[in-house]
Amino acid sequence: MGKQLELLQGTLDMLILKAVSLGPLHGYGVLLRIHQISGGQLEIQQGSLYPALYRLEHQGLIASEWGESENNRKAKFYRLTADGRKKLQKETANWNRMAGVIGGILSRKPEQA
Amino acid sequence: MMIARIRSWWKALAHRPQMEAEVETELQFHIERYAEDLVRNGMSREEALRRARMELGPISVQKEESRFSRGLRPWDDLVADLRYAFRQLRHTPAFTGTVLVVLALGIGANAAMFTVIDATLLRWLPYPHADRIVSLATSEKNGSPSWVFFADLEEWRRQAHTVDGLAYYTDDSAFLQAPGGERVLSTYRVSASLFSVLGVPPAMGRDFLPEDQAPGREHVLVLSEPVWRSLFLADPDIIGKQARLDDVAYTVIGVMPGRFFFPAVDSHPQVWTPLPITAERSKRDFSAGTYAAIARLRPGMTPSMAGAELSGIQHRLTPLYTQVLSRERGPYNVTASKYRDTLVTNARSSLLALVAAVAVLWLIACANVASLMLARSVARQREVAVRVALGASRWRVIRQLFTEGLLLSLAGATAGLALAQAALAAFSRTLSSLLTVPAHLPPNWTVLGALLFLSLLSATLFAFFPAWLSTRAPLEPALRQGLLQTGQSRGRHRIQQAMVVAEIGLSLVLLIACGLLLRTVFALRNVPVGFRTDHVLILEPKVPPSRHKGVDLNVALYRPLLNRVKEMHGVSAASLTTLVPLHKGFNSLLSLYYGAKNSGKEPVRIDAGLKAVGPELKEVLGFRMNRGRFFNQQDTADSQPVAVVNRAFADLIAAGGGTVEQLSFSLGKDRNVKIVGIMEDFHQAGLDRPSVPEIDFCASQLRPTDNFYQPVLQAHVELAIRTSEDPAHIVSDLHRVMTDLSPDLEAASIQTMDQIVEDSMGSQVLAARLLELFAGSALLVALAGLYGLLTYLVTQRTREMGVRIALGAQRHKIIEMLLGQAGRLLVAGALLGMALSYATAKVIAGFLYGVEPHDGPTLTAVTVLLVLCGLAASYLPARRASRVDPMAALRSE
């Protein structure tokens, strides 16, 4: 596990959407997957996970369903909805654009100001 | 997305336990899985579980978060606040009770006024765009408005551009015989355009057509829905059936929708029939009838524009009038006013003044509750400090305190509404006769909405400010013990004093108004009426004239009744008369122009009351003659017809350059009337109004064929009876005599003259009674405020009192000191009240009679009363202060 980076609320929502877009997951599974696809660099604070999930569900971006986990225990699975997919695409585009702009600013050399 | 939100919100709200169980299951699963992973990495099971639980956080927090993420936080907060407020209020029953009573009074009075205003000034009319319907009236150059001639109406219809349609009508009452029953109804003879101008077509059958107004074709009838239900048994095939109206056959052609009425001032069942246009009616002559007229404004037009246009048209029509004088003085100007406004003209200003009085009462109530809340907030300062110290935001605390105030306000408003209904029921008889509203006035949505708004406003006024102050107070001293003895901040103390002064001032305004009105009523009661009102009974037979078509009721019924009554034991005199003075409900006017030839004076217009009275009336009513004689036994049916006039009439004749002896009226062929006497004036229209000119013919001389017979002896007749003993004893005997003579007399009404006089003062008496209520309530509330403040001060300063007494201060000095403080507040309040009263003097001047708004004695008396009451209310707390046990006071730390 690498150093914990500070995460803003909006970013967490985006990461959850992305994690879930790769296939339905329960809450703990979302945690694991984010950790996994970040290459071990990112660990979500557990206290803020479920509020985020509930919020996203309230907004209709993910939908939940009760199902059975790997070891046959009852768990709630979340999957991405059509609205969620659209939102994820939009947020990804925004993020990339923003990252480009800020990156450009930050990489300015003094004589180019 | 919206639907998903609503669904999840609903689930959290309505299925809370289920949702929380789900959250719990989910979190449990999470903890299990995480623990398993930790165990796999080498931790012990208990350690792993502990770690997992710790990282996730308390489950209850997660549950709460799950609710908040669904946007339920405001709702949860509100429920919590309400529960807390309810508990707090229950713990202090004295405070809660007082506040509820005060608010019930303050808001209840407003609720009653809203209901009355809603039923009168904002009255709902069953016509689309009712505000565009205007009432039209003509007047002479400087005269008062009156009904319109048909010929003029026709010209207006043809030429006017500001109105979209014109209709006219006249009122009558007729006896309807129908399969379901028979009764007297309000029958309106109307133009064919009436319903289309109003914009409401009949629900069944057809509307009137212009052809229906042709003479001979007018025997068709449109019914109102209540009439259809009761008298025609809601017959679905009613169209085309017949009914008899005043014994003439009419065909029913239509039924209006339910809840439709026109005109709006009449609460009796109504039917409408077309007015036939005869040659007589089309003349421009005072013998042609006149009609009430309405019109519908074109969009964008105002009543004054319509009035101006029609006046212009009318100026060109006046020269067409046939009689010489009417050419110069005929109907000249046209005024158009909104129909709704004409419905309550005379009561409008009284209503608005009462609204002001009620608003003042509300302000007093709010001030009182505000100071109570301020005092209470000091007592709860510690609680607030603790909450803020524990991390509550200021706003959150203010919101909670405000919710308490709102709860009180709504509870007070509900109690007030119940009070209002009770008050309206108690006053319903007077109200319905004065204001032409139905006797039962239930609250409707508009009233309830206004009440809700008022509750919110009240809560804001008295709860918000103290709450805000509470949160601004410094925390540390509040958290420590001994706050109660260190006294409150200067600011709050001053505000409380200001509240009490304001309450006293406003109460004084109401008290002064009440005092002035009571003096007005007293003055009115002592106005010399001009005749005797004691031991006089007035009998009003209510026989439908159409029941005895072709029979002269006077000969057949009233004269025999008079004779029988005169023979009764206990009756000393009795007489027939058209109408007794001060009695409302009928009016017969004789309009004439008098100008003596060669006198050089301008012709004078006289609108004289026209009556027929029997020779015994002078004995019954005991008025005096100025000159000449009244009727006596020598005036029989065969001698020369005579008449008397009153002084007002004679004065007008003199102003026209002549004398009453020169006047001569004609009753018909060879029947010229001579005026034989002038009565002293007495009040006929109202105790506060001057005497109306009047001319009385001798009832025993008039024959059915005479000119003036119909308006004075057929349209309306009353029997005036002077009794030798208490009038109440005779009433049952009278009833027996009447029913013996004819069963139609059973419906007759019997009143004493004193009652009639009292009814004529109706509006002032009502206003005085209401003000007594308001001013009394205001005084009570203000005194309660004063008492409360002083009690509170004493409690605050118990320690100080103890020290003073221990240092040797005498007890009566302490009482003096506190009474002095109270006295200062009272004087300040009284000065404020007098200043306000002075400023609003003009508002009340219009209602007064016999007393000025700045009347010295009234103001002094009322102020002294207030100060004395205030000192009395302050005595108890003052005495308590002087009784403080110095040892106990010094010890309580």
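Predicted model: local features only at pLDDT ≥ 70, side-chain atom pairs only at ≥ 80, totals over all residues.
In chain B, Gln62(B) is placed in helix α4, which spans residues 59–68. With a relative accessibility of 3%, Gln62(B) counts as buried, because this term applies under 20%. When residues up to four places away in sequence are not counted, Gln62(B) touches Gly47(A), Tyr50(A), Pro51(A) and Tyr54(A) in chain A, together with Leu27(B) and Leu56(B) in chain B.

Side chains of opposite charge can pair when their charged atoms come close. Over all chains, the count of salt bridges comes to 36. One of them joins Glu24(B) to Lys63(B), with the closest N and O atoms 3.1 Å apart. This pair links distant parts of the chain, since Glu24(B) belongs to helix α2 (residues 16–40) and Lys63(B) to helix α4, 39 residues apart. Glu24(B) is partly exposed, its relative accessible area being 35%.

A further salt bridge is formed by Arg340(B) and Asp131(B), whose closest N and O atoms are 2.5 Å apart. Arg340(B) lies in helix α12 (residues 339–342) and Asp131(B) in the loop between α6 and β1, so the pair ties together parts of chain B that are 209 residues apart in sequence. Arg340(B) counts as buried at 16% relative accessibility, whereas Asp131(B) is partly exposed at 40%.

Within helix α7 (residues 150–159) of chain B, Glu155(B) and Arg158(B) are three residues apart and therefore separated by about one helical turn; their side chains meet in a salt bridge with an N to O distance of 2.9 Å. Glu155(B) is buried, with a relative accessible area of 19%, while Arg158(B) is exposed at 57%.

Definitions and conventions:
Residues numbered from 1 in each chain as written. Chains lettered and ligands numbered in written order. Heavy atoms only, no water. Helix = DSSP H or I, 4+ residues; strand = E, 2+ residues; numbered from the N terminus. Buried < 20%, exposed > 50% of the residue type's maximum accessible area, 1.4 Å probe, protein only. Contact = heavy atoms within 4.5 Å. Salt bridge = Lys/Arg side-chain N within 4 Å of Asp/Glu carboxyl O.
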